[in-house]
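Here is a short briefing on one protein model. Please look over the sequence and the structure before reading on.

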Amino acid sequence: MSETAGAWIEQFEALSGLPQPLRDDLVNGSQVVEIPAGTQVFGPGQTADSLLLLLEGTVRVQQRSETGREVFLYRVHAGESCVLTTACMLAFEDYSADGVAETDLRAVAIPRATFDDLVGRSPLFRDFVFKAYSRRIIDLFTLIDHIVFQRMDVRLAARLLELPDADGVVRATHQVLGTELGTAREVVSRTLSEFQRRGWIAQSRGEVRLLANDGLAVLARAGGDR
């Protein structure tokens, strides 16, 4: 094994401490893959046969109801793994949600055989898996709390502040924002119209330009005052 072949491990601090024999087993038993933007990485009913560790790009994970409504769950970023994949591999269950490549991806695919072997043999690898799992579970409970208890205008203000590019523009349709927040497009449209009336944003097709971040931030902070 060349040094370059295992260089990706350094992106995952918890894995860089693996003893060399286990490190070699992980690298030799895995494969670096590239996935184009827009590709469905996994979907409902599919078997979880590999754990993906993202090196570059983002994966959007969302759930769709029987009526077709989509609810955004979380994103997987570079340096992270997918909690749903971990859960499905540990429980031998099929996926119940969609994972879509939002950008071009570069990732390490750890097949089930390698995953099971290292979970059983290495406390360090096992700790890496379960710590990542625990962090995401906390995020999901926070999401549930927000959906159930927090006002939509508060949640939308907070999400707008998370999504702008370097020019202060959120490049997303009302439908996409509705999916992100687990609500209808019409609700997002009404709320954005109110934000625009207050002078906080300007809207154009598929874009929301942030004009007054302070106003949005004050509203977003109101979510912690309930």
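Where does threonine 103 lie? Threonine 103 sits in the loop between S6 and strand S7 (105-111). The model is predicted: local features need pLDDT of at least 70, side-chain atom pairs count only at pLDDT 80 or more, and totals for chains, interfaces and linings use all residues. Residues are numbered from 1 along each chain as its sequence is written, and side-chain values use heavy atoms, with hydrogens and water left out. Helices (H or I, at least four residues) and strands (E, at least two) are DSSP runs, numbered from the N terminus.

- Threonine 103 is partly exposed, at a relative accessible area of 33%. Buried means under 20% relative accessible area, exposed over 50%, and partly exposed in between (1.4 Å probe, protein chains only).
- Threonine 103 touches Ile35, Pro36, Ala37, Gly57 and Thr58, not counting residues up to four places away in sequence. Contact means heavy atoms within 4.5 Å.
- From threonine 103 to valine 59 the separation is 44 residues in sequence, and 7.5 Å in space, C-alpha to C-alpha.
- Phenylalanine 92 is in the loop between helix H2 (83-91) and strand S6 (98-101). Its phi is near 55 degrees, a positive value in a residue other than glycine.
- Most residues other than glycine have a negative phi.
- Phenylalanine 92 is exposed, with a relative accessible area of 60%.

**Helix H7**

- H7 (residues 185-197) has 13 residues. From first C-alpha to last, H7 reaches 18 Å, close to the 18 Å expected at 1.5 Å a residue. The expected span is 1.5 Å times one less than the number of residues.
- Val188, Ser189, Thr191, Leu192 and Phe195 of H7 are buried.
- Those buried residues pack against helix H5 (152-162), helix H6 (174-181), strand S9 (201-204), strand S10 (207-210) and helix H8 (213-221).
- Glycine 199 follows H7, and its phi is positive, near 85 degrees.

**The S8-S10-S9 sheet**

- Three strands form an open sheet in the order S8-S10-S9, with antiparallel pairing. Strand S8 (169-170) and S9 are the edge strands, each pairing on one side only. Two strands pair if DSSP finds at least two bridges between them.
- S8 and S10 run antiparallel and are joined by two bridges. Here valine 169 stands opposite arginine 209 in S10.
- S9 and S10 pair in the antiparallel sense over four bridges. Alanine 202 also stands opposite arginine 209 in S10.
- S9 and S10 form a hairpin with two residues between them. Glycine 206 in that turn has a positive phi of about 75 degrees.

**H5 against H8**

- The axes of H5 and H8 come within 8 Å and cross at roughly 130 degrees, so H5 is oblique to H8. Angles under 35 degrees count as roughly parallel, over 145 as roughly antiparallel, 65 to 115 as roughly perpendicular, and the rest as oblique. Axes are lines fitted to C-alpha atoms, for helices over the stretch in contact, and angles run from 0 to 180 degrees between N-to-C directions.
- On the H5 side, the contact is made by Asp153, Val154, Ala157, Ala158, Leu160 and Leu161. On the H8 side are Asn213, Leu216, Ala217, Leu219 and Ala220.
- Gly215, Leu216, Ala217 and Leu219 are the buried residues of H8. Their cover includes H5, H7, S9 and S10.
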